[in-house]
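Open the model in your viewer and keep the selection tool at hand. The tour below goes stop by stop.

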Amino acid sequence: MVKKLIEKDTKMFLTGNEVLAYAANAAEADFMYGYPITPQNEIMHTWCKLLPKTEAGFLQTEDEISAGFSTIGGILAGKRAFTATAGPGNVIMQDAQSMAEMMRIPFVCAVMQRGGPSTATVIYAQQETRLTCFGGNGEGFRIVYSTAGHQDLYDYMIKAFNTAWTYKFPTYVLADGYQGKMREPVMLYDPKSRGIEMVPVTPYLLGEGEIGKDRKSVHLRNTYNMEEELMEVLDQYQEDYNKMAEEVAEYQEYKAEDAEILVIAHGIVARSAVTAIDELRAKGIKAGLFRPITIRPLAVKPLRAAVQRAKQILFTESANGQLAQMVLEKLYGLTTPYSTLYKMGVGVTGDDIVQKVEQMVKTPATV
Amino acid sequence: MARTKMVLAGEGGQGVQSVAKILVEAGYEAGKQVLYIPNFGVEQRGGVSIAFCQIADEKIGEPRFAKGDIVIMLSDRAIDRCDTYVDENAIVVYDTSVCTKKPECKCKKIIGIDANRIANEQLSARVFNIIILGVLIAATNVLEVSDIKNAMELALGKKFDAKPELRELNYKALEMGMNMIKDKVGA
């Protein structure tokens, strides 16, 4: 059992990467596997710096392929294990992440998005949105929380472990280089003080006693002989996923109730949207925000309701419409016109959104 | 809502990020809302390094802002890169002893300082960035000198204790930076 560092509410001034390490400890995580890549390195650094106090474990592997698979190994052995990565590291970790989907492993991973494609920048982007939701050769049986600042990082990192261990789908905290590197105040707390009990962790393998005599053998399948045999399993997964989606999907609305122009944004961009909306409202423009917190699965019903209420939609992302693509599919049949503000690998400021919305007031979207 | 947006840009290795850290730490300790984003490339030294800092009375929304209230440019490349963060309300400060050109932007005021030369000739090249910190607090007026000194103690206290003359050197650099700009900012 690891030693928890935060016993009472403690306000700290930290980088987001540091927050994630503290959150994992608060969630009673006992092992991290990882390989360095900017901008997530300080999650590992902080986790390691805290090891003498937490008595948790860490393994630096030879690459992200190995980090992903060793995380699965740790979980099979009964560890509340996790990993973190970014950019090209996230790309090459997809093999292990697919395996976690197939074998229903409660894999937890923090993704600190950087610019892409390929090495691109080490700074910031929202270009791993699609990859994190649908990477690998599967169907995206994953749960992805998109955070918008340090309090979110702490809250949702703790939640990610419980979601993963409850539903046995890989679960992600999707953030970015800004959130990883930036410093802002955050309140750290013991989850118990908020009524959060950590879901108990049980080993998949390495049970007590002799196989066949004291206990049944464990057969975790990653390969199937027959096409139909595979489909039968995946159909069941899909059913589980749909059921889970209703319980897990989260969203945030800001002044969306009477919004004529509804901004749809996730993560840190949604925070810029809040700044913009306050400014626009002061100018008499009825703008509002719909922010999916789980970008997979999406909270479809409230999303459709908010879109239906609005006269125009604005999709804005630090990517070329990766969230919009996922959202638009769920808006089939609605006719609210939309416009876009995409800055690939670049931060979206409040001013950017204000200007765009003012433009939409003058010349409404027709798409 | 009072919010001060600051951009500090220079070459990697000039100490831009170290100074930004002291600045926001001072703001945090003084009970302000603060948000700091470092922005740099893959190089350890030599790339353009930018710090985006915000100090406010109320909770800060957008982490990246479009235009700074003060934009400090400490190299030619920083001048090239930072034009985009300047508008007519901004104060631009650049170092005439590092830059070979003058920023050409439409802004409230462009102020040239020679912090690098003064650091080298009168103090030590190592406190160049502390002079810049002095310039920044005098130009923005959102923090007290005592807040900055407290934050310097948190960041450099151990070094100061080992070599007390370093504390004096840094205080002097801070003061010189503040004096350098005091009469130039205006209303």
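How many helices and strands does the secondary structure of chain B come to? The model is predicted, so local features need pLDDT of at least 70 and side-chain atom pairs count only at pLDDT 80 or more, while totals for chains, interfaces and linings use all residues. Residues are numbered from 1 along each chain as its sequence is written, and chains are lettered from A and ligands numbered from 1 in the order in which they are written.

**Stop 1: chain B as a whole**

Select chain B. Its secondary structure comes to six helices and six strands; helices (H or I, at least four residues) and strands (E, at least two) are DSSP runs numbered from the N terminus. Going from the N terminus, the elements follow the order β-α-β-β-β-α-β-β-α-α-α-α. The radius of gyration of chain B is 15 Å, close to the 16 Å that the globule rule gives for 187 residues, so chain B is as compact as a globular protein of that length. The radius is taken over C-alpha atoms, and the rule is 2.2 Å times the number of residues to the power 0.38. The C-alpha trace of chain B spans about 45 × 40 × 40 Å along its principal axes.

**Stop 2: two helices of chain B**

Now select α1(B) and helix α4 (residues 128–140) of chain B. Their axes come within 9 Å and cross at roughly 45 degrees. Axes are lines fitted to C-alpha atoms, for helices over the stretch in contact, and angles run from 0 to 180 degrees between N-to-C directions. α1(B) and α4(B) are therefore oblique to each other, a word for angles that are not under 35 degrees (roughly parallel), over 145 (roughly antiparallel) or 65 to 115 (roughly perpendicular). On the α1(B) side, the contact is made by B:V16, B:S18, B:V19, B:I22 and B:L23; on the α4(B) side, by B:N129, B:I132, B:L133 and B:L136. Residues are in contact if their C-beta atoms, placed from the backbone, lie within 7 Å.

**Stop 3: where chain B meets chain A**

Show both chains. In contact here are 17 residues of chain B and 19 residues of chain A. On the side of chain B that touches chain A, the elements that give two or more residues are α1 (16–29) and β2 (33–39) of chain B. β2(B) gives the most to that side, with six residues.

**Stop 4: a sheet in chain A**

Which strands form the open sheet, and in what order? Five strands of chain A do, in the order β9-β11-β10-β13-β14, with mixed pairing; two strands pair if DSSP finds at least two bridges between them. β9 (251–254) and β14 (338–342) of chain A stand at the edges, each with a single partner strand, so one side of each has no neighbour in the sheet. From one strand to the next, the twist averages 20 degrees. Next select β9(A) together with β11 (residues 287–292) of chain A: four bridges join these antiparallel strands. One place to look is A:Q252, whose bridge partner in β11(A) is A:R291. Helix α10 (residues 268–282) of chain A packs on the sheet, touching β9, β10 (261–264), β11 and β13 (312–317) of chain A. The direction of α10(A) makes about 165 degrees with that of β11(A).

**Stop 5: backbone details in chain A**

Zoom in on A:T38 and A:P39, where the peptide bond is cis, with omega near 5 degrees. A:P39 is in the loop between β2 (31–34) and α2 (41–54) of chain A. Another cis peptide bond joins A:R296 and A:P297, with omega about -10 degrees. Finish at A:S118, which has a positive phi of about 55 degrees although it is not a glycine.

Note on methods. Two residues are in contact if their C-beta atoms, placed from the backbone, lie within 7 Å.
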